[in-house]
Amino acid sequence: MNIEQLQLKNYRNYEKVDISFNDKINVIIGENAQGKTNVMEAIYVLAFSKSHRTPREKELIKWEQEYAKIEGRITKRNQTIPLEIILSAKGKKAKLNHIEQRKLSDYIGAFNVVMFAPEHLSLVKGSPQTRRRFIDMELGQIQPTYIYHLGQYQKILKQRNHLLKQLQRREVQDKTMLDILTDQLIQHAVILLERRFIFLDLLRKWTSPVHHSISHGTERLEISYIPTVEVSKSADKETIENIYTNKFHELKNKEIERGTTLIGPHRDDIVFYVNDKDVQTYGSQGQQRTAALSVKLAEIELICNEVGEYPVLLLDDVLSELDDQRQSHLLNTIKGKVQTFVSTTNVNGINHETLQEAQLYRVENGM
Ligand code: ATP
Ligand code: MG
């Protein structure tokens, strides 16, 4: 799939812009702080209805303006699909084929995007939150109902944490409500966990050969999902539910004492191993980056396999962060099949062959 056209109105530092794209490689060149990332971010928001940089949507609206609008025309399975996101103080509107979608989970998934930015290079060594966010975003775009369960889980988690704080301060004595919220939380936790296990299996399947190839056969990359409860990945729903129920029961007093929920998918993590050694602890910076790159490349294949078409790839400021060999590997993998956007301050960092196929855009102060 690809994005043919993008129109921005009051988005970040863009007042009004209308751009058509090449279906192969688009290189966005500009000095710092001119609006390169903003274009990539707008494409990302069109896919996910959320920014990869901030949870605060107000930041996306041009200063002193009331609203921001992103319109895009994408092609998928030989069909043209118009997409539109409008952000304002009143909230967010997402339109697919000109029809407003009340549930964002009905919108997300129509347009698939993989973003690779400098912060993703720290997927391996960064915080567990970064890794959870990665799983959630990727799973969400191939399985929109996952977003629904994640949203419900987060909502109940918030209520439960609030109640635990009240119980901790003895503002509330009765624990009946806690039990109700625990049951509700478990219902969604089971689904999230089950789907994450399946997703990790899929990811592993694609990451292994990719990493093997990038490392010229010298490294074996493994990924493990580490839940906060002891559960085997082949466990069925009922077993997972029982495990959570027992663990929550066991931790009840401790959770009240701490005033927060101590187990659940919001505290799980993933660990990467290269040749059986934990890369976060033992890997060199290069190995950590290569692992992150392998995961991103695997994601492209995984989405293609699930959706039937390659996603659009956004490479914001990362090409120059990769050495020649990794850069060539990346570009050879995507060549001719994935519409790609590359941002850079200097074209010298991009190999000659790539530039020959690319359409170049110069960005200056939101123009
Ligand atoms: P770099 O090379 O440093 O990554 P960039 O070209 O990617 O730069 P962007 O992140 O796209 O730069 O940001 C461009 C400009 O947008 C910045 O100067 C920033 O101050 C401005 N900006 C960010 N949010 C808004 C907003 N809501 N309204 C107006 N301008 C904004
Ligand atoms: Mg930038």
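Student: At which residues does UniProt place the feature "binding site"?
Tutor: The model is predicted. The annotation comes from an unreviewed UniProt entry. That record places the feature at Gly30, Glu31, Asn32, Ala33, Gln34, Gly35, Lys36 and Thr37.

Student: Where is the place of Gly35?
Tutor: Strand S3 covers 25–29 and helix H1 covers 36–48. Gly35 sits in the loop between S3 and H1.

Student: Is Gly35 buried or exposed?
Tutor: A residue needs 20 or more other C-beta atoms within 10 Å to count as buried. Gly35 has 23 C-beta neighbours inside 10 Å, so Gly35 is buried.

Student: Which residues does Gly35 touch, not counting residues up to four places away in sequence?
Tutor: Gly35 belongs to the "binding site" feature in the UniProt record. Residues up to four places away in sequence are left out. The contacts of Gly35 are then Arg12, Asn13, Tyr14, Gly30, Val363 and Gly366.

Student: Is Thr37 buried or exposed?
Tutor: Thr37 lies in helix H1. The cut-off for a buried residue is 20 or more other C-beta atoms within 10 Å. Thr37 has 22 of them, so Thr37 is buried.

Student: Leaving aside neighbours within four places in sequence, which residues is Thr37 in contact with?
Tutor: Thr37 is in helix H1. With its neighbours within four places in sequence set aside, Thr37 is in contact with Asp316 and Ser343.

Student: Which residues come nearest to ligand 1?
Tutor: There are 16 residues around ligand 1. By class, this shell has three nonpolar, eight polar and five charged residues. The nearest are Asn13, Asn32, Lys36, Thr37 and Asn38.

Student: Is helix H8 parallel or oblique to helix H9?
Tutor: H8 (residues 285–307) and H9 (residues 324–334) pack at an angle of about 5°, with their axes 12 Å apart. Angles under 35 degrees count as roughly parallel. Therefore H8 is roughly parallel to H9.

Student: Which residues of H8 and H9 make the contact?
Tutor: By class, the contact of H8 with H9 has three nonpolar, two polar and one charged residues. H8 supplies Thr290, Leu293 and Leu297, and H9 supplies Arg326, Leu330 and Thr333.

Terms used
Residues are numbered from 1 along each chain as its sequence is written. Chains are lettered from A and ligands numbered from 1 in the order in which they are written. This is a predicted model: local features need pLDDT of at least 70, side-chain atom pairs count only at pLDDT 80 or more; totals for chains, interfaces and linings use all residues. UniProt positions are given in the numbering used here, feature names are shortened, and annotations may be inferred rather than shown by experiment. Helices (H or I, at least four residues) and strands (E, at least two) are DSSP runs, numbered from the N terminus. A residue is buried if 20 or more other C-beta atoms lie within 10 Å of its own, exposed if 12 or fewer, and partly exposed in between; C-beta atoms are placed from the backbone. Two residues are in contact if their C-beta atoms, placed from the backbone, lie within 7 Å. Axes are lines fitted to C-alpha atoms, for helices over the stretch in contact, and angles run from 0 to 180 degrees between N-to-C directions. Angles under 35 degrees count as roughly parallel, over 145 as roughly antiparallel, 65 to 115 as roughly perpendicular and the rest as oblique. Ala, Val, Leu, Ile, Met, Phe, Trp, Tyr, Cys and Pro count as nonpolar, Asp, Glu, Lys and Arg as charged, and the others, Gly among them, as polar. A residue is near a molecule or strand if its C-beta atom, placed from the backbone, lies within 6 Å of it.
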